[in-house]
Amino acid sequence: MSDSELNYQEYGRKLLTALFGALSALRLYPVENETVQQSLTELHSLVDEVVEAEGSAEIRVVGDFFFLNETRLRLDLSNFATFGAFAKALGTHGIGAVEIVKGIERSEWAPFLSMLLRPPVADAPYEGFLDRLEQAPVRNLSVRAASDVDDPGDNDEEALTAAKRTYAQSVKVAEEVMSDVRIGRAVNVRKVKRAVQGIVDQVLSNESSMMTMTTLRDFDEYTFTHSVNVSILSVIIGQRLGLDRVQLYELGLGALFHDIGKQRLDAEVINKAGSLTDEEWAQLKEHPTEGLLVLFGMHGFANAPYRQMLMAYEHHMKVDLTGYPQNRREREPSLFSRIVAVADAFDAGTSVRSYQYEPWPPDAVLQEMRDNPKRGFDKLLVKVLITATGVYPVGTLVILDTHELAVVAKVNPDPDLLHRPVVRVISDPVGLPLAEPKAVDLAAPDPATGRPARQIIKTTDPQKYGIRVSDYLIA
Ligand SMILES: [Fe+2]
Ligand SMILES: [Fe+2]
């Protein structure tokens, strides 16, 4: 990472904080109040600095993410709420971006921000805002409509193709690693590192394309796809926590290796379709310890991969230590281990692992993980996962109130609309399959009524309908 990028991150966060500060002050006090004036001065001098250096500054909101010019700002949990509130203020007026050009004067900020605080014009919030802006003494600030603002990494087709390539390569690498460990051959660590870097890059440039790939839950390839899915989901959680690229790589690597210890156990136990005997269960519980040992003995790292060893060792421990391996002393599983535990349980819970075992619908898995303390997950991390997956994760088969069947295709980035994703409708109200699945945004208002035309009434089991959901998502 270069120095200038670091500064950009810092500037960006400061700028958002100042904007939010000024907005909150104006909400509480009249404009001549000292707090308001101070916050405006602060805001103006920050903006001035960026505009002087760059010629202009654009703050853009795309889903959960903020961009300052072309840099995506990494936000951590503590400032997430603040920035979310600012994004919302823009969103109610249909604004997706604010541009500030050279010549901006301090006096322009108060009228501009006050306009953001006014209730939006009912039928056409964005056009209404433009009208008001036209009449205000604001010359060097302009806005763009949310519908105009494109996500630089969100060219769907292209992103999905790139995601497919990354995914396929990673599954192949996972397969190689596992068979190497099983037969006691040296692992090509460099290849694994490259695969994980690919996962991190793809998640950073287009999270939703990689999320889609995790719905490819292929029964025959479960062992390999599972480790890749856990790696992807862990990196997604990690990036939402504000981890940097190097940390995400460390996390993704450990996640890919989390079950590597299973390769030291009897294959029949690992792949057994039915329930396990006590003895087999005892053997399975050895996989975290075995994983730690496999990684400790793996060549190709500069130092022993301690973080990854810990993730392998701790991922079934549970936050209250009631899992396994057992502990004699108090300890807290590391953050990375807690992330992997959440990603692992979500993927395992939603996959078909045996013919006897019926997977739960993804929304029920998330709910159980969040609400049942006996499961032993870090609640906050489960919530972070839910902001990424939505209430109905991608790949969930749902029944709409129109009686149509649909597959969830994309989470709605607005945290208030996590229950209204974009779906592909695949059958008509009587249950006849459509020739061509139809994309519908369940949050988009119907022009006739002003309210969304459809909503999800429940989730259902794809097996019951003989449907492979990934067929509708990954063409
Ligand atoms: Fe495991
Ligand atoms: Fe696992």
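Hi everyone, let's start at one residue: setting aside neighbours within four places in sequence, Ala-136 touches Pro-111, Phe-112 and Met-115 by the contact criterion. Do keep in mind that this is a predicted model. Ala-136 sits in the loop that links helix H5 (125-135) to E5.

Five strands make an open sheet, ordered E3-E2-E1-E4-E5, with antiparallel pairing. Strand E3 (71-72) and strand E5 (141-145) are at the edges with a single partner strand each, so one side of each has no neighbour in the sheet. Strand E4 (residues 95-101) is joined to E5 by 5 bridges, and Ala-97 has Arg-144 in E5 as its bridge partner. Across strand E1 (56-62) and E4 lies helix H2 (residues 34-54), at about 110° to E1.

Now for some backbone details. Most residues other than glycine have a negative phi, and most peptide bonds are trans. Against that background, the Tyr-324 to Pro-325 peptide bond is cis, with omega near -10°. Pro-325 belongs to the loop between helix H14 (306-314) and helix H15 (335-350), and Leu-321 also lies between H14 and H15. Leu-321 has a positive phi, near 65°, and is partly exposed.

Last stop: His-403, in the loop between strand E6 (397-400) and strand E7 (405-410). Its phi is positive too, near 70°, and His-403 counts as exposed, with 12 C-beta neighbours inside 10 Å. Thanks, everyone!

How values were computed. Residues are numbered from 1 along each chain as its sequence is written. Chains are lettered from A and ligands numbered from 1 in the order in which they are written. This is a predicted model: local features need pLDDT of at least 70, side-chain atom pairs count only at pLDDT 80 or more; totals for chains, interfaces and linings use all residues. Two strands pair if DSSP finds at least two bridges between them. Helices (H or I, at least four residues) and strands (E, at least two) are DSSP runs, numbered from the N terminus. Two residues are in contact if their C-beta atoms, placed from the backbone, lie within 7 Å. Axes are lines fitted to C-alpha atoms, for helices over the stretch in contact, and angles run from 0 to 180 degrees between N-to-C directions. A residue is buried if 20 or more other C-beta atoms lie within 10 Å of its own, exposed if 12 or fewer, and partly exposed in between; C-beta atoms are placed from the backbone.
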